[in-house]
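The following questions and answers concern the terms used to describe a protein model and the grounds on which each term is applied.

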Amino acid sequence: MNKLLIVGTVAFDAIETPFGKTDKILGGAGTYIGLSASFFNVQSAIVSVVGDDFPQEYLDLLTSRNIDISGLEVVKGGKTFFWSGRYHNDLNSRDTLDTQLNVLADFQPKVPQDYKNADIVMLGNLHPLVQSSVLDQMTTQPKLVVLDTMNFWMDCALPELLDVIKRVDVITINDEEARQLSGEYSLVKAAAKIQTMGPKYVVIKKGEHGALLFHNKEVFFAPALPLEEVFDPTGAGDTFAGGFAGYITQSENVSFENMKNAIIQGSNLASFCVEKFGTERMIDLDKSEVLSRLKQFKSLTQFDIEL
């Protein structure tokens, strides 16, 4: 099996949406990416950090999904990263109520020896210096490096972010972040400008309106599946990234044509993530459900245009 190295937070979230609220539940970019990638035939490892308040049952859950946690540091006497947020009625905007970095504040990532030659590296949303540090530890050049980031790092660590962007093949960001990073309103112009910064491929996520993939002058658009109910959008972007990276790792094909499939696979998994609070839906998701919905995606997107 091919190896996928995942870097990202493993955390506690407390979420409030118009449909209800939770106490502390399992969250974090690394968690969502790992759970999503576990639906593919890959060997994956998560590099992250938690405190000793992190329940053993959550660690067992990750290992039960064939995720190597030897790079997941447990800090004795430390507290796990915590985020709390409240979504507005449209579910597209949210307010952060509380962020406690805790053990994440001093995190020095350590890549497991067995994954220093990983085929694909998925750099989840974290400080750009942490993302760079992981790339520095690789002993062989990965076939593909995918980076996810957000406007927070554009605001407070832009030089470091630009440095790591130079070193990646694919960047995944949302439309608002693409505009901020590039200074361009048109997403086509924004993607072209971001490609000059280093990445050969730019994925722009548009939430319920799908995702765009740009490479040179080529563009591909994948819709999001129209859902009857969206319960909680937390982690949908990370689930998308995990599906994208997992599929690419399994298929060993880093071409633009294959990335189209990866975008659909990521969108498909993300459509499940939003159906329940936090990671709940991804934990009880069955592979047969994934395949069934993939067929829905196919019928939604494929038709012959009569000329």
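Buried means under 20% relative accessible area, exposed over 50%, and partly exposed in between (1.4 Å probe, protein chains only). This is a predicted model, in which local features need pLDDT of at least 70, side-chain atom pairs count only at pLDDT 80 or more, and totals for chains, interfaces and linings use all residues. Residues are numbered from 1 along each chain as its sequence is written, and side-chain values use heavy atoms, with hydrogens and water left out.

Q: What makes both faces of strand β10 covered?
A: Strands (E, at least two residues) and helices (H or I, at least four) are DSSP runs numbered from the N terminus. In β10 (residues 120–123), Ile-120 and Met-122 on one side and Val-121 and Leu-123 on the other are all buried.

Q: Why are β1 and β10 said to pair?
A: Two strands pair if DSSP finds at least two bridges between them. Strand β1 (residues 3–7) is joined to β10 by four bridges, so the two strands pair, and they run parallel. Leu-5 has Val-121 in β10 as its bridge partner.

Q: How is β10 joined to strand β11?
A: β10 and β11 (residues 144–148) pair in the parallel sense over four bridges. The bridge partner of Met-122 in β11 is Val-146.

Q: Which residues does Phe-244 touch?
A: Contact means heavy atoms within 4.5 Å. Not counting residues up to four places away in sequence, Phe-244 touches Val-146, Val-170, Met-259, Ala-262, Ile-263 and Gly-266.
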